[in-house]
Amino acid sequence: MDMVTATVGFLTGYMVPFILVLSLLVFVHEMGHYLVGRWCGIKSTAFSIGFGPELVGFTDKHGTRWKISAVPLGGYVKFFGDEDVASKPDSANLSGLTLEERAQTLVGAKLWKRAATVAAGPIANFILAILIFASLFAIYGRMISDPIVSEVRESSAAQSAGVLAGDRLVAIDGEAVKTFEDVRRYVAVRPGTPITVTVERNGQDLVLPMVPTRTETKDQFGNKMELGIIGIVTDQTRGNFRHVTYSPTEALAEGVRETGHVVTGTFAYIGNLVTGRMNADQLGGPVRVAQASGQMASLGFAAVIQLAALLSVSIGLLNLMPVPILDGGHLVFYAIEAVRGRPLGPGAQEFAFRIGMVMIFSLMVFATWNDISSLIG
């Protein structure tokens with residue numbers, strides 16, 4: 001009975017929120033491909049949420065099969081003339097098409113139309129993230145505090161650099177900071193990376209070099225995180241904690257900025273992995289995302305929507321990776337075609353697709369192994 005209860009709890013508490021969030025993000029991504037492709041005159045034959053056998057679906061008047069499939073871990077738009085869901089051209093059937101029919105295929109469309117159709121998926125994810133963040137800012141506002149130091153931790157990077165209580169941080173690496181959260185966000189993704197912090201003290205600006213310390217901490221759910229800290233604290237007296245609200249226009253601008261912060265933070269994290277400043281065990285796969293979805297669901301609707309925005313940016317960036325079976329790989333092919341004046345041959349594309357499959361499979365295995373290790377560790 002306990003096993004049954006635990007299984008039901010896992011499905012309802014983790015998998016259901018995960019599937020709902022992922023399905024929303026996949027739908028938006030694929031709808032970007034579909035709408036721009038249709039606008040460019042490219043015919044689609046299938047629009048699927050999930051992979052594998054079809055569970056339910058219908059065919060519209062344009063000949064597109066809309067369906068929900070059995071494995072809810074992604075989705076695809078299959079265009080006319082594609083051999084598979086990765087948009088690899090079906091060379092055997094393309095040769096038998098008329099010029100008019102070929103123009104309705106992805107491979108037969110003009111170069112700019114193909115590029116626009118492929119790029120539309122990730123762009124749709126970024127737009128969704130902006131709109132979600134903007135909606136949250138417009139509805140809930142947010143708490144902010146001034147970047148004024150109330151305490152400097154002993155033996156910290158800030159203390160070694162000469163930061164004092166009462167200093168106001170005005171810039172990091174020349175980039176202006178307005179809130180204490182700006183400081184925390186910038187420092188967190190730069191452990192072990194030399195930075196320069198500009199502080200205002202007694203009306204004068206001082207530029208203080210320091211190196212954030214890499215530290216391991218846990219969130220409210222007990223999940224381990226690695227981040228950089230410099231060892232400063234603010235409080236109500238110095239930081240002036242307050243709730244701010246935004247007009248719709250201001251909220252949209254904040255949504256754009258927040259999405260930009262997620263993008264730059266992601267690139268900073270990747271850079272830390274390459275240089276060894278952070279461990280790769282922070283990479284998560286489907287299991288960890290499902291766990292995070294369930295944890296956010298326990299905090300309420302707003303937390304789930306915020307997670308959806310973060311994941312939407314991640315999906316957009318992931319798909320822009322220059323891997324042949326992803327959108328970014330197709331865009332690389334198109335860039336090469338633009339330079340050469342002709343596309344790569346079928347053999348070269350086939351080889352690239354196989355390499356891409358191996359790369360994605362390896363990444364998924366590695367991420368899943370990290371998930372399992374984090375659960376049992």
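What we are looking at is a predicted model.

Strand 5, residues 168-172, and strand 7, residues 195-201, are joined by 4 bridges and run antiparallel. Both sit in an open sheet of 4 strands, in the order 6-5-7-8, with antiparallel pairing. At the edges are strand 6, at 175-176, and strand 8, at 204-210, each of which pairs on one side only. For anyone new to sheets, the strands pair through backbone hydrogen bonds, parallel or antiparallel. Helix 6, residues 180-188, lies across strand 5, strand 6 and strand 7, and its direction is at about 45° to strand 5.

Now the overall picture. The protein has 12 helices and 12 strands. Of its 377 residues, 41% are buried. If we take contacts between residues at least 6 apart in sequence, 63% of them join residues at least 24 apart.

Next, helix 8, residues 248-275. How does its span compare with what 1.5 Å a residue predicts? Its 28 residues should span 40 Å, and the end C-alpha atoms are 40 Å apart, so the two agree. Its buried residues are Ala251, Glu254, Gly255, Glu258, Thr259, Val262, Val263, Gly265, Ala268, Tyr269 and Asn272. On the spacing in that list, an α-helix has 3.6 residues a turn, so residues three or four places apart point the same way. The cover over the buried residues of helix 8 includes helix 4 (111-140), strand 3 (142-144), helix 6 and helix 10 (301-319). After helix 8 comes Gly276, with a positive phi near 80°.

Is Thr245 buried or exposed? It is exposed, at a relative accessible area of 60%. Leaving out residues up to four places away in sequence, Thr245 touches Gly141 and Glu250. Its C-alpha is 8.2 Å from that of Ile139, although Thr245 and Ile139 are 106 residues apart in sequence.

The unreviewed UniProt entry places the feature "transmembrane region" at residues 6-28, 118-140, 296-318 and 351-369. In the model, the stretch 118-140 is 100% helix and 0% strand, with 35 Å between its end C-alpha atoms.

Buried here are Asp327, Gly328, Gly329, His330, Phe333, Tyr334 and Glu337. Just after helix 11 there is again a glycine with positive phi, Gly341, at about 90°.

Last, the aromatics. The whole structure contains 7 aromatic pairs. One of them is Tyr34 with Phe47, edge-to-face, at 6.1 Å centre to centre and 85° between the planes. Tyr34 lies in helix 1 (residues 2-39) and Phe47 in strand 1 (residues 44-59), so the pair ties together parts that are 13 residues apart in sequence. Both Tyr34 and Phe47 are buried. Along with Phe27 and Trp66, they form one aromatic cluster.

That is where I will stop.

Terms used: Residues are numbered from 1 along each chain as its sequence is written. This is a predicted model: local features need pLDDT of at least 70, side-chain atom pairs count only at pLDDT 80 or more; totals for chains, interfaces and linings use all residues. Side-chain values use heavy atoms; hydrogens and water are left out. Buried means under 20% relative accessible area, exposed over 50%, partly exposed in between (1.4 Å probe, protein chains only). Helices (H or I, at least four residues) and strands (E, at least two) are DSSP runs, numbered from the N terminus. UniProt positions are given in the numbering used here, feature names are shortened, and annotations may be inferred rather than shown by experiment. Two strands pair if DSSP finds at least two bridges between them. Contact means heavy atoms within 4.5 Å. Axes are lines fitted to C-alpha atoms, for helices over the stretch in contact, and angles run from 0 to 180 degrees between N-to-C directions. Rings of Phe, Tyr and Trp (its six-membered ring) pair if their centres lie within 6.5 Å; planes under 30 degrees apart count as stacked, over 60 as edge-to-face and the rest as tilted. The expected span of a helix is 1.5 Å times one less than its number of residues.
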